[in-house]
Amino acid sequence: MTDPVVGGAIVAGAKILAAAKATSEIAKETKRIMEWIEQGKKRFKKFKPRVLSVTIDHRKKKVEMSYFLYAPKGMRRKVTKVSITPREELRVVEMLDENFNVLTGLWSCDERGRWVLKPSSLPNDSERFRLRLEGPISSDVLEGLLTLSRSETAKEHGEYDAYWLSCGIRDPRTLRELWEDLKVEGILLKQHVGIDACFSTSMPKPLVQVIKANSAWLGAGGTRDRHFVFDAWRKRRLAERRAKDAQMPEILDGIVRLTNEETFKKYILIDSPFTLGDIVREEKFWNLWPQKMRIEAVTSLSYERKLVEGELRFHRDRFNADIEDSMEGLMKSKKRKSGSPRSKRKD
Amino acid sequence: MKFLSEWIAPWALPNERFPFYLTWEPADVDRIVFRPPEDFQVEDLFNVERFEEEGHAVVIDELKTPAYFGGLVFYNGIPEEVKHCQTLSIDFYRKSKLLERKSVEANILRPRISLLKSPKEIVLAPATRMDQLLNVDILVEGVGEISLEIRGKTGGRVLTRTSELAMEVLKQMLEKHFLSPEEEEELTPDNETHPGLDIRLQEDELDELAQNIEDIWLKGRLSLEVFEDISPEELKKSIPLEALKEFTAPTYESLIVDSLLYYMEKRPARRIELDGGRSTVLFEPTVESIELEIRYRDKIGNVYRSLAIPKIAVKDNRTRKDKEEKFLGAPVNLHFVFEQGGDSN
């Protein structure tokens, strides 16, 4: 195989350069995964093994192999034991009988760190078994195999903001060499959706005044000037009264409520074949102004489905309206008990 | 040749990497010539075994598997227009004979601001409402978020409010650290006057904030700003990280409230971020006119040509005594009008 020529006038990309450099590493790891698949077949030779599926889990960076084993009662089960060595880096995920019951306690780890199965301990009421093994796959190999892209910036379409998403198999030959029907699942694209402007433009004015008055009051507290502190406290009370007794900790709690995963989910729509994964508020400090949400779009690829694309939509106008409603709700709520509630984090 | 699918990212910013691809029913193609426009570059090629460059074309002699080709490209530069469309051409050959020429269109969209209205003259008088003095109307076209920064070209001095949380904590802490015990006693609020909001920092948040502070600390950014005569090493030696954490907890409460204000000022409208919050122009007594410019960049760091605000004459009607005693400051009030100039739909 000839390495591609890189660093020219047109093709100057860091990605192609990195991929060219990692070629030998990828080939080595590809070989290792192919050996795993073969090893599985060899070790269970007496049980007529059949590879049911080979799947890469992109999110977990794992390769999973699923085997069908035929072990009727009798001679075959008298084989002393089947083992998988630590050098093979494989882990037994689970073993099922023909009724899809999970079988526990069959595999054990011996003093040499090997996974060992005693076929004689297989249950008598099943002759067919399904075994799942998994091993690690490196980021380099995944990067060489796949190409993931998402738009850096949103495009406004009336009431929503759109972001494009795209995933593809960069190197379909390696994928096919690994296993004909190999599937890559749990492919994760992380899209950031900015929400800070939603809050700053939708916050009702009386609440902005409450925040300003609180800032001035806290600032005054550092001066030891009692007149100044009293004046700032009076202005703060006035602002809170105008905002119908809405107080700082409630404003902060309201912001946290609007940005938790369950609430925010309803403002996001993703085109098939992507599905919505986790939604996480990004910034480090929860009590501060919310800045952006990380939305995970998940999909899968295979040799047959090499390329997928779609759109992620953030219903900005609806979110803005709900911020306004929720914050105005703080001002309309009935008189609270004395003492200010504590600010809480979402858990 | 029968094409099964073709796709190109529907839009991209200048210098943003975006994908395109084509798939076709297996055909005996032995050569593909990909011609991106002159101002485009190729970041990656998909399913390509061997290629070489010929002029401004990429010649692909061998694919890894048949019937699929794609790549990652970018527009190398900053276009003047809000929407810049260009065609990527892909030729398919068999035995040196052209089988098919395929074209895909790339839409490069950028944000652009232009001036709608600004004052020609402003008058400073005792009754002037300074907060309503400097109003500038801006037209925003194209796509994407932009960060704006107002700079003074001549006359006046532009101040911005950059209160990055960690930086602020560190400044306060250092100021406290270098106080004498008497000064510290003098500046420590007593329990009677010190207000509290009952907003508390979680332990993990405290750790992260301290880490954030440490990053600034290690880079020595702060010493340049606050203590010109002390090196970052000296500062690090004199205050251990644990002390930073201890200091952070009580000051956190007022910083939360300040940060809310900071972000509200920083994000005055959708898609707009003001670097360092709202700017204020400070009028020194001798100023006769001011000239401002607005610098802006997009989310991936492309810097666009600055917008110059024409000279604004300053008429100072205050008494001589007033001028000497008091510098006046006026916030720059930016009003934004949005136009979806880059929308291709």
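Here are some questions and answers about this predicted model.

Me: Before we start, what should I know about the numbering and the cut-offs in this model?
Reply: Residues are numbered from 1 along each chain as its sequence is written, while chains are lettered from A and ligands numbered from 1 in the order in which they are written. Side-chain values use heavy atoms, with hydrogens and water left out, and in this predicted model local features need pLDDT of at least 70, side-chain atom pairs count only at pLDDT 80 or more, and totals for chains, interfaces and linings use all residues.

Me: What pLDDT does chain B average?
Reply: pLDDT is the predictor's confidence in each residue, from 0 to 100. In chain B, 65% of the residues score at least 70. The chain B average is a pLDDT of 78.

Me: How many contacts does the stretch 222-226 of chain B have beyond near neighbours in sequence?
Reply: The pLDDT is below 50 over residues 222-226 of chain B. Where pLDDT is low, the predicted coordinates should not be read in detail. Counting a contact as heavy atoms within 4.5 Å, the model gives this stretch 14 contacts.

Me: And what are the ipTM and pTM of the model?
Reply: Both scores belong to the model. They are ipTM 0.81 and pTM 0.79.

Me: How many salt bridges are there over all chains?
Reply: The rule asks for a side-chain nitrogen of Lys or Arg within 4 Å of a carboxyl oxygen of Asp or Glu. Over all chains, the count by this rule is 36.

Me: How many residues apart are Glu98(A) and Arg128(A)?
Reply: Their side chains form a salt bridge at 3.8 Å, N to O. Strands here are DSSP runs (E, at least two residues), and helices are too (H or I, at least four), numbered from the N terminus. Glu98(A) is in the loop between strand S4 (91-96) and strand S5 (107-109) of chain A, and Arg128(A) is in strand S7 (residues 128-136) of chain A, so the pair links distant parts of the chain. They are 30 residues apart.

Me: Which residues in the largest nonpolar core touch the most other members?
Reply: A nonpolar core is a set of buried Ala, Val, Leu, Ile, Met, Phe, Trp, Tyr and Cys residues joined through side-chain atoms within 4.5 Å. The largest one has 82 residues. Its members touching the most others are Met95(A), Ile251(A), Phe264(A) and Phe319(A).

Me: Which strands are the edges of the open seven-stranded sheet in chain A?
Reply: Two strands pair if DSSP finds at least two bridges between them. The sheet runs S4-S7-S2-S1-S11-S14-S13 with mixed pairing. Each edge strand pairs on one side only, and those are S4 and S13 (275-281).

Me: Which residue is the bridge partner of Ser53(A) in S2(A)?
Reply: Strand S1 (residues 50-57) and strand S2 (residues 62-70) of chain A run antiparallel, joined by seven bridges. In S2(A), the partner of Ser53(A) is Ser66(A).

Terms used. Buried means under 20% relative accessible area, exposed over 50%, partly exposed in between (1.4 Å probe, protein chains only).
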